[in-house]
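Open the model in your viewer and get your selection tool ready. We will go from stop to stop, and at each one I will tell you what to pick and what is there.

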Amino acid sequence: MITLYTFGPAFGLPDASPFVVKAEMLLKIAGLDYRTSTKGFKKAPKGKQPYIEDEGEVIADSTFIRLHIEKKYGFDFDASLDEHAAGTAWAADKLCDDHLYWVVINDRWADKDNFERGPRVFFDVAPAPIRPIVKWMVRNQVVKTSKAHGMGRHSAAEIHELAERGLDALSGILGDNQYLCGDKVCGADATVFAFLDSMSCPVFDTPVIKMVEDRANLKAYRDRMRAEYFPEL
Ligand SMILES: N[C@@H](CCC(=O)N[C@@H](CS)C(=O)NCC(=O)O)C(=O)O
């Protein structure tokens, strides 16, 4: 059976990481048996989660997990899509992975109050005497990484302006569809749901929550996907 290595549910979300939620939803869409483990981070081959172990084979990164499912199990996530829709879906997927992800990072890690509301809890396992320094170092590193990407160089207002345009793009692609690109679920649904849900998590104080609420189709889609794929939450 496949093991998916995760951080575990947090902040009322299926997982603290949108990439883990994406990978888990891909496994669900493909109908594969899997179990989750929160004990794998130290062995993560790329130093990040998610990764999976499938009959001795280790595959790191949510997109490579998708490609592995496609190759090994012959599951075509985009079987229902024509070329145009498949291209749009892939672009939406990467809008989330490589752009909107940094909105989540800045909201949760750069904003001091939000950091205290959320990521701070990750450090509760550190021994009390070194906890403040570990917290400071990791937070600093995450903020630095966001600056290296580029998003972290913008003001919060600019980041949220970009978030709004990204949400407009997703809302435009979704339109009145049941799923992102039509009446059948596709690979990018896993990504778009994971990021919409993470971006609009009510634990954090961010204008993105209202942006999602204001786009009725996105809000309804997020709630629908959650009820269908993560009904336990
Ligand atoms: N491209 C990767 C990104 C995964 C990723 O960034 N995971 C983050 C959590 S959201 C992580 O494991 N961070 C831990 C670290 O960098 O130390 C994917 O698609 O899986």
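Which helix gives the largest share of the lining of the largest cavity? Keep that in mind while you orient yourself; please note that this is a predicted model.

**Stop 1: the cavity**

A search of the whole structure finds 1 cavity of 30 Å³ or more, with about 50 Å³ of space in it. Select Val-103, Val-104, Asp-107, Arg-108, Ser-198, Met-199, Phe-204 and Thr-206 to show its lining. Helix H3 (83-110) and helix H7 (187-199) are the elements that give two or more residues to this lining. So much for the opening question: H3 supplies the largest share, 4 residues. Coloured by class, the lining has 4 nonpolar, 2 polar and 2 charged residues.

**Stop 2: the largest pocket**

Next, select Phe-7, Phe-41, Gly-47, Lys-48 and Gln-49, which lie nearest the centre of the largest pocket among its 42 lining residues. About 1,400 Å³ of space lies here. Now show helix H1 (18-30), helix H2 (62-73), H3 and helix H5 (131-149), each of which supplies at least two lining residues. H3 again has the largest share, this time 9 residues. By class, the lining holds 22 nonpolar, 11 polar and 9 charged residues.

**Stop 3: the ligand**

Stay where you are, as the ligand takes up the space of this largest pocket.

- Ser-62: a polar side-chain atom lies 2.6 Å from an oxygen atom of the ligand.
- Gln-49: here a backbone N or O atom lies 2.8 Å from a nitrogen atom of the ligand.
- Lys-48: a polar side-chain atom lies 3.1 Å from an oxygen atom of the ligand.

Then switch to a surface view. How much of the ligand's area does the protein bury? The ligand alone exposes 520 Å², and the protein buries 73% of that.

**Stop 4: the second largest pocket**

Finally, select Asn-106, Ala-110, Asp-111, Ala-156 and Ile-159, the residues nearest the centre of the second largest pocket, which 16 residues line. The space here is about 160 Å³. H3, H5 and helix H6 (156-174) each give at least two residues to the lining. Its classes are 5 nonpolar, 7 polar and 4 charged.

Key:
Residues are numbered from 1 along each chain as its sequence is written. This is a predicted model: local features need pLDDT of at least 70, side-chain atom pairs count only at pLDDT 80 or more; totals for chains, interfaces and linings use all residues. Side-chain values use heavy atoms; hydrogens and water are left out. A polar contact is a pair of N or O atoms within 3.5 Å; within protein, one must be able to donate a hydrogen and the other to accept it, and residues adjacent in sequence count only if both atoms are side-chain atoms. Accessible areas come from the Shrake-Rupley method with a 1.4 Å probe; for residues, only the protein chains shown count as cover. On a 1 Å grid over the protein atoms alone, a cavity is a set of points where a 1.4 Å probe fits but cannot get out, and a pocket is an open set with protein on both sides within 12 Å along at least five of seven lines; lining residues have an atom within 4 Å of a point. A molecule sits in a cavity or pocket if more than half of its atoms lie within 2 Å of its grid points. Grid points are joined across faces, edges and corners, and a volume is the space filled by probe spheres set on the points. Ala, Val, Leu, Ile, Met, Phe, Trp, Tyr, Cys and Pro count as nonpolar, Asp, Glu, Lys and Arg as charged, and the others, Gly among them, as polar.
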